[in-house]
Amino acid sequence: MTTSEHIETLQNHIIPFAYIIKIFQDDNAPSHRGLAVVNLICHANSRSLEWPAFSPDLNLIENIWAVLKMKVRMRNITTLDELESAEYDIWYNDPAIKRSIEAV
């Protein structure tokens with residue numbers, strides 16, 4: 001996502017709720033830290049949460065993706081259809097993934 005795309009998303013979907021949302025959480029992507037973004041958030045009387053870069057341990061879904069990838073790699077997949085089928089099967093049937101999703 002570019003800075004201008006991020007600004008458009010903020011203006012259309014987030015800033016209208018700035019009176020409720022006082023602290024924004026993002027992932028420290030460069031497009032989230034541009035001066036125009038910082039100014040937009042500041043003018044909305046909000047601020048961004050200080051968030052360490054590359055911190056999957058603080059973002060629970062990243063741990064679920066890691067488990068899913070590991071389980072997919074354990075299968076002998078040779079086609080895109082097999083990959084899609086394996087992902088679906090693991091996501092909906094694997095107990096470890098189910099427990100992780102329920103924890104989120």
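**Notebook: charged residues and one histidine**

I began with arginine 75, which is partly exposed at 37% relative accessibility. The model I am reading is a predicted one.

I then looked for the partner of arginine 75. Its side chain meets that of aspartate 89 in a salt bridge, 2.8 Å from N to O. This pair links distant parts of the chain: arginine 75 sits in the loop between H3 and H4, aspartate 89 in helix H4, 14 residues apart. Aspartate 89 is partly exposed, with a relative accessible area of 29%.

How many salt bridges are there? I get a count of 2.

The other entry is aspartate 94 with lysine 71, whose side chains meet in a salt bridge at 3.3 Å, N to O. Aspartate 94 lies in the loop between H4 and helix H5 (95-103) and lysine 71 in helix H3 (residues 60-73), so this pair ties together parts 23 residues apart in sequence. Aspartate 94 is buried, at 14% relative accessible area. I noted lysine 71 as partly exposed, at 22%.

Next I checked the surface for negative charge. Asp81, Glu82, Glu84 and Glu87 gather there in a negative patch. Glutamate 84 belongs to helix H4 (residues 80-93). It is exposed, with a relative accessible area of 53%.

Last, I looked up histidine 32. Is histidine 32 buried or exposed? I found it buried, because its relative accessible area is 12% and the cut-off for buried is under 20%. Histidine 32 is placed in the loop between strand E1 (23-24) and helix H2 (35-43). Leaving aside neighbours within four places in sequence, I list His6, Asp26, Asp27 and Val37 as the contacts of histidine 32.

Terms used: Residues are numbered from 1 along each chain as its sequence is written. This is a predicted model: local features need pLDDT of at least 70, side-chain atom pairs count only at pLDDT 80 or more; totals for chains, interfaces and linings use all residues. Side-chain values use heavy atoms; hydrogens and water are left out. Helices (H or I, at least four residues) and strands (E, at least two) are DSSP runs, numbered from the N terminus. Buried means under 20% relative accessible area, exposed over 50%, partly exposed in between (1.4 Å probe, protein chains only). Contact means heavy atoms within 4.5 Å. Patches are made of residues with over 30% relative accessible area and no salt bridge: like charges are joined within 9 Å, nonpolar side chains (Val, Leu, Ile, Met, Phe, Trp, Tyr) within 5 Å. Accessible areas come from the Shrake-Rupley method with a 1.4 Å probe; for residues, only the protein chains shown count as cover. A salt bridge is a side-chain nitrogen of Lys or Arg within 4 Å of a carboxyl oxygen of Asp or Glu. Lys and Arg count as positive and Asp and Glu as negative; His and the chain ends are not counted. The place of a charge is taken as NZ of Lys, CZ of Arg, CG of Asp or CD of Glu.
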